[in-house]
Amino acid sequence: MTGRAPGPDPVQDSPRISPPPHHAVGVHAVTNAMRMAQRQMGVVRGARALLRVNQHDGFDCPGCAWPEEGKIHKAEFCENGAKAVAEEATRRRVTPAFFARHAVADLLGRSGYWLGQQGRLTHPMLLEEGATHYAPVGWERAFEIIGEEFAALGSPDEAVFYTSGRTPNEPAFALQLFARRLGTNNLPDCANMCHESTGSALVETLGVGKGSVSLDDIHHADLVIVAGQNPGTNHPRMMAALEQTKDNGGRIISVNPLPEAGLERFKNPQRPRGVVGSGTKLADLFLQIRAGGDLALFRALNLLLLEAEDAAPGTVLDRSFIEEHTLGFEEWEKDARTTDWDEVLTATGLPREQIEQAARMVLESGSVIVCWALGLTQHKHSVPTLREVVDFLLLRGNVGRPGAGVCPVRGHSNVQGDRTMGIFERMPEAFHAALDAEFRLTSPRRHGYDSVNAIKAMRDGKVGIFVGMGGNFVAAAPDTPVTEDAVRRCALTVQISTKLNRSHLVTGKRALILPTLGRSDEDRTEAGPQFVTVEDSMGLVHASRGRLKGEPELRSETSIVCAMARAALGPDDDVPWEEFGVDLDRLRERIARVVPGFEDFNARVRAPGGFALPHAPRDTRTFPTHTGKANFTVNDMVVPHIPEGRLLLQTLRSHDQYNTTIYGLDDRYRGVHDGRRVVLVNPADIEGLGLAEGAYTDLVSEWPDGRVRRAAHFKVVAYPTARGCAAAYMPEATVLVPLDHTSDISNTPAYKSVLIRFEPDSGPEAVVVI
């Protein structure tokens, strides 16, 4: 074991607060990454792992989905990427002896940070009904249990198959094939809880639910608008691309309720000015918007563009593009001209002069890209907001040409690829038809459960088996007590995982933990060395080859899924599951005949850098929507209402965190150290609400039907967030979000718009550990 996992669990922590910095990365980020790598992996193993990250002959970073630059550096990773690799390639181990020492009830009282720091899972484990401890179980017996439980289902729709975005293409395809062979489309995934609003908006307006830009477009854009996103913490390598934008004369607008150090100044450790100099100032304009005000902002920008066209006809709007490639402009324009400036200013909290300054920057720019992440996708009105963003880009023809387009920045490194492979409860008919033809089946067409509806189905006793491939479902999902009670109603829960987390402890009547190889682990079978593939945020598919020796009991995700399928479907099922489990080339041959864009998959993915998937709006300016054109949409103004004595809370990640994985207890770029139970509040709001900086308080969320949710014992931290807004970390604050507080259309939990009040502190003993 390298280093030591934490001893006493620091759940009831006492965060230290310091002034937040005004730059990101730099030498400190490098030293911090190396320190964590050495502590988890050791010097030799750490060097071997990090020098293989994002290399053509190495493995894809298990962190974010930002693409690699064309020129690959020897150190092609960021601080958070190094943390993700260190967590996965750690020498710490969770063996059967660990489970013998710790009852499930004991582990339930530990924080997610403590659980994750214990190390890699090494053996299949079984929690029998009524047992207090997990016990080791052989692989074959584990699959027998799975077969028994599937045989006991009354309907295929009583099974749910959840997928984390870190799952590579091959096991994702195998899992959806298993589910559809069984007879269900219950394939929720983490995208349901993050970027589903993006897909809903883009499919309706452009016909493709993915981004339309390349890295080269980012580099050469005249203007990049980064809205609701924090590259410094969540996608650090994006800052290098934005630095290239600035080098080429482009400008950047940051739209965010919180100032983000990474968009203030970037100290690139691979450039001299990032090591000894002051770095690069990224944002030319910071619009400190109120949470949920982005729809109003883009409506205002669109109105200003229309008025500029009125003043100088034929010089602002791209009339030829609008006439040739779009529908709905006249109806949209009529509504856009009704935009009320008083409502805009209330919703955004911005001075009109700043919005007009942003509009001037747009007018001065020939090509514009809008990037966004969860700050735009996790509101009640997220889909209309993103449709309005598309309206904004269509006005000047900023789709399907160099340096312009939509750029949703995804989280996990293959969340987009999983959807491409069929992990979706509502795949289009063309996919079903191709799958049916290739595998001689009739896949079900009725829609399955997304993540929120899967929880409701479990709550209502409609689900007997929950299978989770990666991730930490109960921590990522909203309404924590409701979610956990729902999961406990299942007959069997199966977790295919590399590390211990809370989802292994909130179980059905029986539970299995099936330990799997990670991205960094070598996968060698009787067919030879294997590799997997992933798709990044910009639709590039490339190979990922693990190089580190793993524990002998571990199996690949694909082999586990295929063995489960055989156990559940029986010996007469004619899908060659055993062959797929040991030879991924055979599986890729079948993927190539089902999934568009993957023709000649095996050969093309072996080329350095892989290949790009087709994207009709980008490649040919054709739009495969229901109308055959890009669609303007009318989106009603939304003005978030914040009653007296309340604030609008958004949940977010700390810098020592990736999704629900907690690497440490610091948020260096926000000045929070040694703790996570903090609420960030504007100093003027602290004074106006009668709070005391540094005091502890309970957060209570309020809902129209009178319900409330409580999160206890948060330290009040003065922070320069937008007035009327607050922020706290997930998953600690997800307890505040009811299951039915979701985005219209996409059903994504609305984690970024939670109305809260403050009540006296209930004390650390009232903390719900997540």
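Val-534 has His-542 in β22 as its bridge partner. This comes from a predicted model. The two strands involved are β21 and β22, the latter spanning residues 540-544, and they pair in the antiparallel sense over four bridges. Strands of a sheet pair through backbone hydrogen bonds, in either a parallel or an antiparallel arrangement.

Now widen the view to the sheet. It has three strands, is open, and runs in the order β21-β22-β23. The pairing is antiparallel. β21 covers 532-535 and β23 covers 611-612; both stand at the edges. Each has a single partner strand, so one side of each is left without a neighbour in the sheet.

What packs on this sheet? Helix α8, residues 169-182, does, touching β21 and β22. The direction of α8 makes about 90° with that of β21.

Follow α8 to its contact with another helix. Two packed helices are described by the angle between their axes and the distance between the axes. For α8 and α23, the axes come within 12 Å and cross at roughly 85°. Angles of 65 to 115 degrees count as roughly perpendicular, and α8 and α23 are therefore roughly perpendicular to each other. From α8, the contact uses Phe-173, Gln-176, Leu-177, Arg-180 and Arg-181. From α23, it uses Phe-431, His-432, Leu-435 and Phe-439. By class, the residues of this contact divide into five nonpolar, two polar and two charged.

α23 leads on to the largest pocket. Its volume is about 1100 Å³. The lining holds 37 residues, and Val-203, Val-208, Gly-209, Lys-210 and Pro-428 are the closest to the centre. Which helices contribute at least two residues each to that lining? α9 (196-205), α22 (415-420), α23 (429-439) and α31 (616-620) each do. The lining of the largest pocket has 19 nonpolar, 11 polar and seven charged residues.

How many cavities of 30 Å³ or more does a search of the whole structure find? It finds seven. The second largest cavity has a volume of about 190 Å³. Its lining has 19 residues; Leu-517, Gly-518, Asp-521, Asp-523 and Val-532 lie nearest its centre. Val-532 brings us back to β21, which runs over 532-535. By class, the lining of the second largest cavity splits into six nonpolar, seven polar and six charged residues.

Terms used. Residues numbered from 1 in each chain as written. Predicted model: local features only at pLDDT ≥ 70, side-chain atom pairs only at ≥ 80, totals over all residues. Heavy atoms only, no water. 1 Å grid on protein atoms, 1.4 Å probe; cavity = no way out; pocket = protein on both sides within 12 Å on 5 of 7 lines; lining within 4 Å. Points joined across faces, edges and corners; volume = space filled by probe spheres on them. Nonpolar A, V, L, I, M, F, W, Y, C, P; charged D, E, K, R; others polar. Pairing = 2+ DSSP bridges. Contact = heavy atoms within 4.5 Å. Axes fitted to C-alpha atoms, helices over the stretch in contact; angles between N-to-C directions. Parallel < 35°, antiparallel > 145°, perpendicular 65-115°, else oblique.
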